[in-house]
Structures are given as structure tokens and as C-alpha cells.
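Hi everyone, thanks for coming. I'd like to walk you through a structure that may be new to you, so please have a look at it first.

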Amino acid sequence: MGIDIIFKIAAVGLITAIINQILKKSDKDEIATLVTLAGLVIVLIMIINMIGQLFDTLRTVFGMY
């Protein structure tokens with residue numbers, strides 16, 4: 001869970017940026033915008049899962065049910 005997530009987020013951002021640039025050069029701006037939004041949603045889902053794990057850990061540490 002350490003630095004792996006940072007590399008995953010960076011990889012999603014890099015791939016999204018490359019695809020975005022390719023689509024913009026091909027005059028497909030609408031699809032490029034959708035690809036950017038899809039990349040953002042993927043990263044947000046990853047972060048939401050991490051926040052859920054954080055809350056579960058806090059619950060177990062403090063003994064809350």
C-alpha cells in the first residue's frame with residue numbers, strides 16, 4: 001500500500017495524457033475530453049477505496065463498531 005499507489009496514479013495520468021494528445025492531434029476533441037474524464041474517474045475510485053480502508057483501520061484501532 002505504500003508507494004505502489006503513487007506509481008499507479010502516475011501511470012494512469014501518463015497514459016491518459018498520451019491518449020489525450022493523440023486524440024487532440026486527430027481533431028477528436030470530444031473523445032479526448034471523455035478519455036480525460038475516464039482517467040479522472042479511475043483515479044478517484046482508487047482513492048475512494050484507500051479512504052475506505054483507512055476508515056476500516058481507524059475503526060479497528062479505536063474499537064468502534
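Let me start with overall shape. The protein has a radius of gyration of 17 Å, whereas a compact globule of 65 residues would have one near 11 Å. Do keep in mind that this is a predicted model. Along its principal axes, the C-alpha trace spans about 55 × 20 × 5 Å.

What is it built from? The secondary structure comes to 2 helices and 0 strands. As for the surface, the protein exposes about 5,300 Å², and carbon and sulfur atoms supply 73% of that. Of the 65 residues, 14% count as buried.

How do H1 and H2 run relative to each other, parallel or antiparallel? Their axes come within 8 Å and cross at roughly 170 degrees. Angles over 145 degrees count as roughly antiparallel, so H1 is roughly antiparallel to H2.

Next, who touches whom? On the H1 side, the residues that meet H2 include Ile5, Ile9, Val12, Ile19 and Leu23. Across from them, H2 brings residues including Ile31, Val35, Ile42, Val43 and Met46. Charged residues join in too, among them Lys8 and Lys24 from H1 and Asp29 from H2. Sorted by class, this contact has 13 nonpolar, 4 polar and 3 charged residues.

Let me zoom in on one residue, Asn20. You'll find Asn20 in helix H1, which covers residues 4-25, and Asn20 is part of the contact with H2. Is Asn20 buried or exposed? Its relative accessible area is 14%, and the cut-off for buried is under 20%, so Asn20 counts as buried.

Which residues does Asn20 touch, if we leave aside its neighbours within four places in sequence? Those are Ala32 and Thr36, both of them in H2, the helix of residues 29-62. There is also Thr33 to look at: Asn20 and Thr33 are 13 residues apart in sequence, and their C-alpha atoms are 7.4 Å apart in space.

Methods: Residues numbered from 1 in each chain as written. Predicted model: local features only at pLDDT ≥ 70, side-chain atom pairs only at ≥ 80, totals over all residues. Heavy atoms only, no water. Helix = DSSP H or I, 4+ residues; strand = E, 2+ residues; numbered from the N terminus. Buried < 20%, exposed > 50% of the residue type's maximum accessible area, 1.4 Å probe, protein only. Contact = heavy atoms within 4.5 Å. Axes fitted to C-alpha atoms, helices over the stretch in contact; angles between N-to-C directions. Parallel < 35°, antiparallel > 145°, perpendicular 65-115°, else oblique. Rg over C-alpha atoms; globule rule 2.2 N^0.38 Å. Areas by Shrake-Rupley, 256 points an atom, 1.4 Å probe, with all protein chains shown as cover.
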